[in-house]
Amino acid sequence: MSELKQSKYIDITTDYGFKKVFGSDTNKDLLIAFLNELFRGRKIIADLYYNKNEHVGDTEDIGTVIFDLTCTADNGERFIIEVQRTAQDNLKKRMLYYSSKLIADQAPKGNRRAWNYAISEVYIIVLMDGFAMPDAGDEKYFLHDICLCYRDHGKIFYDDLGFIYVELVNFVKAEAELVNDLDRWLYVLKNMSSLNGLSTYLRKPIFEKLFQLAEYSKLKPEEREMYNVSLRNKWDAESIRSSQEEQLKRAREKAMAEGKAEGKAEVIKNLLSSNKFSISEIAELADVTVEFVKQIEAEKAKGK
């Protein structure tokens, strides 16, 4: 697979790359730095612990990397974060399920009255690579920071359950446009495997460590094989997703065309009933072929 070796750095949005960079205690400073940028000052994580249960949910999922973390903030408070590089199926419901499980798992086996529902804060961080936020419409936000709020006036109802979705397809900044460390993190997440080195825009100790860690040439042979398999899996998933999107696009276009044809058929029937226009004139007025008008005329004559 020579085409894989042409990249100086690994793709850190692959399962292997994501675990390599963010999934070990040795490199937890990278994950802490990334998470602190996502919280944008709302939380400042001083330390984190990787819980042993890498996930509380669907172990059969392919292409899903999940870290269950207990975090300690700079003020001493503790909270739970689940970080995902996930597939897109049923995204919102899946994240709601995972967050509910993280809350429910905090309940003690007994003496719940004394516990009095002292629930820790729970946050779900979702890295979305290659697909858009469901039902986003024409919005082009690359960061979705979500909590429970009142529908009528938007005031926050409960701030200790949050969802942060990172929509990489909408992050389109060039290196010269990077203005803060959040921009820099999202840029390297999206572009690492196509970069040739650390530019002046990324010249910070945390990114220097990231680039050293992500060098393909420094991987051991078995690590290279795991990475190559992971990269192929990502490419396969993207190919399937692209094919599905193309099929959906064609189906929509066909439905729209059929809808327009039905609408034009009604117009043509009305024009034929007026007995004021020739076949060719009706074809020109309705922007259709003469053959199509004749077809409608024949159907009209049969009483369809």
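Predicted model: local features only at pLDDT ≥ 70, side-chain atom pairs only at ≥ 80, totals over all residues.
**Two helix pairs**

Two packed helices are described by the angle between their axes and the distance between the axes. Helix H9 covers residues 279-286 and helix H10 covers residues 290-301; their axes lie 8 Å apart and meet at an angle of about 110°. H9 and H10 are therefore roughly perpendicular to each other. On the H9 side the contact involves Ile279, Ser280, Ile282 and Ala283, and on the H10 side Val290, Val293, Lys294 and Glu297. By class, the residues of this contact are 5 nonpolar, 1 polar and 2 charged.

Helices H6 and H7 pack with an angle of about 10° and with axes 12 Å apart. H6 and H7 are therefore roughly parallel to each other. From H6 the contact takes Asp181, Arg184, Trp185 and Val188, and from H7 it takes Ile206, Phe207, Leu210 and Phe211. The contact of H6 with H7 has 6 nonpolar, no polar and 2 charged residues.

| Helix pair | Angle between axes | Distance between axes |
|---|---|---|
| H9 and H10 | about 110° | 8 Å |
| H6 and H7 | about 10° | 12 Å |

**Helix H6**

Helix H6 spans residues 181-191 and is mostly covered, with 9 of its 11 residues buried. The buried residues are Asp181, Leu182, Asp183, Arg184, Trp185, Leu186, Tyr187, Val188 and Leu189. What do the buried residues of H6 pack against? Their partners are the helices H2 (15-22), H3 (28-39) and H7 (205-213), together with the strands E4 (121-128), E5 and E6.

Strand E4 contains Ile125. Ile125 counts as buried because its relative accessibility is 2%, and buried means under 20%. Leaving out residues up to four places away in sequence, Ile125 touches Leu35, Leu38, Phe39, Ile81, Glu82, Val83, Gln84 and Ile164. Asn180 is 55 residues from Ile125 along the chain, and the C-alpha atoms of Ile125 and Asn180 are separated by 20 Å.

**The second largest pocket**

The second largest pocket holds about 250 Å³ of space. Its lining consists of Lys92, Met95, Leu96, Met133, Ile146, Cys147, Leu148, Cys149, Leu161, Phe163 and Tyr165. Helix H4 (91-104), strand E5 (143-149) and strand E6 (156-167) each contribute at least two residues to this lining. Which element gives the most to the lining of the second largest pocket? Strand E5 does, with 4 residues. Sorted by class, the lining has 10 nonpolar residues, no polar residues and 1 charged residue.

**Two loop residues with positive phi**

Asn116 is not a glycine, yet has a positive phi of about 55°. Asn116 sits in the loop between helix H5 (112-115) and strand E4. Is Asn116 buried or exposed? Asn116 counts as exposed because its relative accessibility is 59%, and exposed means over 50%.

Asp287 is likewise not a glycine and has a positive phi, of about 60°. The loop between H9 and H10 holds Asp287, so this residue lies between the two helices of the perpendicular pair. With a relative accessible area of 63%, Asp287 is exposed.

Definitions and conventions
Residues numbered from 1 in each chain as written. Heavy atoms only, no water. 1 Å grid on protein atoms, 1.4 Å probe; cavity = no way out; pocket = protein on both sides within 12 Å on 5 of 7 lines; lining within 4 Å. Points joined across faces, edges and corners; volume = space filled by probe spheres on them. Nonpolar A, V, L, I, M, F, W, Y, C, P; charged D, E, K, R; others polar. Axes fitted to C-alpha atoms, helices over the stretch in contact; angles between N-to-C directions. Parallel < 35°, antiparallel > 145°, perpendicular 65-115°, else oblique. Contact = heavy atoms within 4.5 Å. Buried < 20%, exposed > 50% of the residue type's maximum accessible area, 1.4 Å probe, protein only.
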